[in-house]
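Dear colleague,

Please find the structure below, together with its sequence. My notes on what was found in it follow directly after.

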Amino acid sequence: MDRRAIFFACAAVICGLLIPFIPHEEGKPDISWVGWWLVIGYSILAVLSALDAWSRSRKS
Amino acid sequence: MFLVVVVVGIALIFDFVNGFHDAANSIATVVATRVLKPWQAVIWAAFFNFISFLILPLEVANAIAKIIDPAVVSIGLVFAGLMGAIFWNVLTAWLGLPSSSSHALIGGMIGAGVAKAGWEVVDDTTLKKTAVFIVYSPLIGLLLSFTAIVVVMWLVHRIRAKRKVNQTFRGLQLLSAAAFSIGHGANDAQKTMGIIAALLIGAGHLNASVLDNPDTLPLWIVLSCHTAIALGTMFGGWRIVKTMGTKLTKLEPMGGVCAESAAAATLFFASHNGIPVSTTHTITGAIVGVGSSKRISAVRWNVARRVVWAWVLTIPGSAAVAALTYGVVEVFN
């Protein structure tokens, strides 16, 4: 599998595992959306990178 | 009072060294692409370092001041925390480990606080927030810069006048470098502000109510910290020969703009939400993002791996040194 896709997939998993540890402070906006945003972003990049690598390997 | 002045002085020297050390992050790309001459780039970065307090709130200073219960903070504790951070920075510089002075400072304060009064005096919320964003901040920078460079490359790939595109991005680098310097000044200078505020509260020279509204922090603390970091940036600028930009991956003007803008956006978010993050790790993540958009082998992963080791070791390492220092301080007390 493409190394870049593996890296992005690992980043998505790590970001997801850290979400429960994001504290919520009273009177301040909840910032756990950052964790979800990272999980979704890296998951999309992992899929796109894997597809890119797959299409390149088919061409060659 | 004399001891308070001495410890404030040490904190400001720490701030100066922080600016000195991080100057290359702010000016590397503008100098490498010859948009500005080194001396112009240094003044540009130092100016935006200095004015950052006018743009971003003092939430990071507040978080750092509260990381140890103000009721137990003493001159000896802050001194031990600073010494732990300084010793750790010197040790890691000697070992060639890209350690974050911000994390060293936080680790130092925690170590000294725990040595004095146990774990219950550590502010759990700030510690958790800091620990999570040690990992998140470079990953946010990476994701933003990767997305930005892909979008920009897609937008400009049909334009034939490559020279004009290059010229445009060389100009835009002035803005992205300024934005990054604002983020750097805000997040890093505020860490020292927080330490000085904690010291003055602990020594009885400042009312603890300032922590409820960080904007009421005395102006001399704000100005002295920003002056120290800006002077550090000016004096550190000459060391731009070896920069993050060339160490991690080769950067073109387009990549430089994307990396600096992504890192600046991350620092703005962190500063706005009172999250102390490492500016060096953030720009490192952003540069890796630009490099990995070309091909994964464009990134020098051994440098990135050393950053990960620095993540893991800095807070426990500096905390241990600060705890030992606090023990020595107590012996002499």
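A:Phe7 counts as buried because 21 C-beta neighbours lie inside 10 Å; the term buried requires 20 or more other C-beta atoms within 10 Å of the residue's own, exposed means 12 or fewer, partly exposed is in between, and C-beta atoms are placed from the backbone. The residue sits in helix α1 (residues 3-18) of chain A, where helices (H or I, at least four residues) are DSSP runs numbered from the N terminus. A:Phe7 and A:Tyr42 are 35 residues apart in sequence, and their C-alpha atoms are 9.0 Å apart in space.

Please note that this is a predicted model, in which local features need pLDDT of at least 70 and side-chain atom pairs count only at pLDDT 80 or more, while totals for chains, interfaces and linings use all residues. Residues are numbered from 1 along each chain as its sequence is written, and chains are lettered from A and ligands numbered from 1 in the order in which they are written.

Regarding the contact between the chains, 16 residues come from chain A and 13 residues from chain B; two residues are in contact if their C-beta atoms, placed from the backbone, lie within 7 Å. On the side of chain B that touches chain A, helix α6 (residues 124-156) of chain B gives the largest share, 10 residues. That side of chain B divides into eight nonpolar, three polar and two charged residues. In this classification Ala, Val, Leu, Ile, Met, Phe, Trp, Tyr, Cys and Pro count as nonpolar, Asp, Glu, Lys and Arg as charged, and the others, Gly among them, as polar.

The largest nonpolar core has 124 residues, of which B:Ile27, B:Tyr136, B:Met193 and B:Ala197 touch the most other members. Such a core is a set of buried Ala, Val, Leu, Ile, Met, Phe, Trp, Tyr and Cys residues joined through C-beta atoms within 7 Å. Helix α7 (residues 162-202) of chain B supplies the largest share of this core, 16 residues.

Two helices that pack against α7(B) deserve mention. Helix α1 (residues 2-32) of chain B packs against α7(B) at an angle of about 165 degrees, with the axes 10 Å apart; axes are lines fitted to C-alpha atoms, for helices over the stretch in contact, and angles run from 0 to 180 degrees between N-to-C directions. α1(B) is therefore roughly antiparallel to α7(B) (under 35 degrees counts as roughly parallel, over 145 as roughly antiparallel, 65 to 115 as roughly perpendicular and the rest as oblique). By class, this contact has 15 nonpolar, eight polar and three charged residues.

The axes of helix α2 (residues 38-51) of chain B and α7(B) cross at roughly 45 degrees and come within 7 Å, so the two helices are oblique to each other. On the α2(B) side the contact includes B:Trp44 and B:Phe48, and on the α7(B) side B:Ser181 and B:His184 are among the residues involved.

Two alanines complete the account. B:Ala263, in helix α10 (residues 253-272) of chain B, counts as buried, with 34 C-beta neighbours inside 10 Å. Its C-alpha atom is separated by 9.4 Å from that of B:His184, 79 residues apart along the chain. B:Ala179 lies in helix α7 of chain B and is buried, with 20 other C-beta atoms within 10 Å. Leaving out residues up to four places away in sequence, B:Ala179 touches B:Glu260, B:Ser261 and B:Ala264.

With kind regards
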